[in-house]
Amino acid sequence: MKIKLDRTRCDGFGVCAKHAPEHFPLDDWGYASLAGDPAIAPQDEPAVTRALLDCPVHAITTLPEPSPPAGENATVAGGTAPQRRIVP
Ligand code: SF4
């Protein structure tokens, strides 16, 4: 799971920092930024997903996973998870 934070949409509600403070530090005015790698470790995905779903202005979105190279059999055991995308 890779995420993106659009700081131009952030309204400083701080919900993301409550759910996943290590990923969404707040500045002095309460606006969030994305700390570290946008690739989220599997153990952090539940908290980051909660932050994504609870952000009132949908400033946090997932980035598409890279596609397998063309021509390769891209079957993955268990299938691929659908992208979580919130359209305002
Ligand atoms: S929950 Fe959304 S609006 Fe609130 S601080 Fe985080 S990114 Fe910004």
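**Notebook: fold, pairing and ligand shell**

I read along the sequence and found the pattern β-α-α-β. That gives two helices and two strands in the chain. I note that the model is predicted.

Next I looked up burial and contacts. Of the 88 residues in the chain, 18% are buried. I took the contacts with a separation of 6 or more, and 64% of them join residues 24 or more positions apart.

Then I turned to strand 1, residues 2-5. Ile3 and Leu5 form its covered face. Lys2 and Lys4 lie on the uncovered one. I checked the pairing as well: strand 1 runs antiparallel to strand 2, residues 60-63, and four bridges join the two. Which residue of strand 2 is the bridge partner of Ile3? I found Thr62.

Helix 2 came next, residues 45-54. I listed its buried residues as Val48, Ala51 and Leu52. They sit on the same side of helix 2, because they cover an arc of only 100° around the axis. I recalled the general rule: an α-helix has 3.6 residues a turn, so residues three or four places apart point the same way. What do the buried residues of helix 2 pack against? I found strand 1, strand 2 and helix 1 (15-19).

Last, I looked at the ligand. There are 15 residues around the ligand. Cys10, Phe13, Cys16, Ala32 and Cys55 come nearest. I sorted the shell by residue class and got 12 nonpolar, two polar and one charged.

Conventions. Residues numbered from 1 in each chain as written. Predicted model: local features only at pLDDT ≥ 70, side-chain atom pairs only at ≥ 80, totals over all residues. Buried ≥ 20, exposed ≤ 12 C-beta atoms within 10 Å, placed from the backbone. Pairing = 2+ DSSP bridges. Near = placed C-beta within 6 Å. Nonpolar A, V, L, I, M, F, W, Y, C, P; charged D, E, K, R; others polar. Arc of directions from axis to C-beta. Contact = placed C-beta atoms within 7 Å.
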